[in-house]
Amino acid sequence: MFSAVLVSVLSLLLLTAPHSLSSSDVCIVGSGIAGSSLAYFLREYSDPSLFRNIRIFERNDVVGGRMATVSIAGETFEAGASILHPKNYYVLNFTKMLNLEVNPPSSSSSFAIWDGKNKFVFRTLAPQFQVPFYQKIISIVNSIIIFARYGFSLVKMDNFVETTVSNFVKYYEPFESRPIFETADEMLKWAALYNLTTRSLREELIDAGLSPLLIEELVTVITRINYGQSVSISGLAGAVSLAGSDSGVWSVKGGNWQIAAGLINSSDASLHLNEEIEFISQVGEHYELNSTKGNSYACDITVVATPLDELNIRFDPPISIHERKLQHTHATFVRGLVNPAYFGLKDVSEIPQLVGTMEDPNLPLTSISILKKHGDKEMTYKIFSRQPLADDLLNLLFSKREETIRRNWGAYPQYNAPEVFSPFILDGKHLYYVNAFENAASTVEVSAVVAENIARLILSRLSDNKASFASSNLKSSVSERYYKHREL
């Protein structure tokens, strides 16, 4: 489907933006996938002369936002947004365009659900040999084991997820059949996804006919790992979380952050690292952005492409957005050896490659997984938790620790149905907010999809006569650009 969209876009190559549009300066706050995608689409969909400058401000010393990595024992591991879905068509296209190397989907591995009371309520078999035929046999056996426990509810779960994904891919339709959306509500209703944000995942799955056992065990584990929350999250976020457990998920070798870096390079944007914007004010017909470095920047168009929930940006005049809290995920990386007795086991070889936990406020862990085996006596582990893990707990969990790295992410909103959405347009003029959509679901691809819509929205509202502005005015090209920011 995405190739059809690309062909449709490329057919517009010789068309230019309306002559009534004057050259503008764009300022984007945030260098994650939302900000970098927006810069890319603004360049691709417009005449080169339309935007004099595109500035991207990043308060940290690296780009990528919530896409980040850690290095342990010479290996690079994802610390933030880790997985990409096979139907993430924008990100797939970016990866190919930027010539990034992809990590293949992981092979069959063992999985277990732990109740926190020295008991695994469910577990699959672990392949003992890296032989394709043998692994295939183990995969089939594990499928039988899963079906024996959860039955045809698995089919109903798959149908629920597939219906949601099928609706989501409508956002890749050609310009002629896909409107420009001015609000998140409008965008969700058009794709028949809005109703999923009005009810909890539990309610949706009960209506879909899933068994209580599947919901309380497997579904809960998945939502806890992917969003750090229970099945009480809103239905759309829950469906997206379940889609993230599909086979075929992938990542970029060396880190998904490279997608953002490549898009910034290709958009010929001016990148301001280590520069946090603290004040945005409207001065006449433009916006003035003041940074913590004491610098001021005049911008005709300003886009906030990072969650405002935990930032201290002041606005004049004040803006009104829906109050929400972010769900923090604590990612702890340990190089060492886990203590099997913590899980009621006798030998470290008995521990599955991925252990998820059930919903229990007394459980300190959301999940623990083996990222890399350095040998029988040393491995690299990744632990998710809702609270930081103290050294005393880690000393119980591990028989030895050679290296420990902690990351605290304000990773995604706390999802509560019915969701209420902040506006895309914050002031009725040219102050935009990409992350208003994040109350629906938070993924790398969702951010790219929304950024694409915001780019089209900006171009449509720049026109002197919006009613006459059509998608056929948009220009696109896949021409190679000089890679400006060598430091990336």
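In S20, Tyr433 is the bridge partner of Val304. This contact between strands belongs to the pairing of strand S13 (residues 301-304) with S20, which is parallel and extends over three bridges. Strands (E, at least two residues) and helices (H or I, at least four residues) are DSSP runs numbered from the N terminus, and two strands count as paired if DSSP finds at least two bridges between them. The model is predicted: local features need pLDDT of at least 70, side-chain atom pairs count only at pLDDT 80 or more, and totals for chains, interfaces and linings use all residues. Residues are numbered from 1 along each chain as its sequence is written, and side-chain values use heavy atoms, without hydrogens and water.

S13 and S20 are part of an open sheet of five strands, ordered S9-S2-S1-S13-S20 with parallel pairing. Strand S9 (270-272) and strand S20 (431-433) each have a single partner strand, so one side of each edge strand lacks a neighbour in the sheet. On average, neighbouring strands here are turned by 20° against each other, direction ignored. Helix H2 (residues 33-44) lies across strand S1 (24-29), strand S2 (51-57) and S13, and runs at about 170° to S2. Such angles run from 0 to 180 degrees between N-to-C directions, with axes fitted to C-alpha atoms, for helices over the stretch in contact; contact means heavy atoms within 4.5 Å.

A second open sheet has four strands in the order S12-S11-S10-S14, and its pairing is mixed. Its edges are strand S12 (296-299) and strand S14 (314-316), each pairing on one side only. The twist from one strand to the next averages 15°. Strand S10 (residues 277-283) runs parallel to S14 and is joined to S14 by three bridges; Phe279 stands opposite Arg314 in S14.
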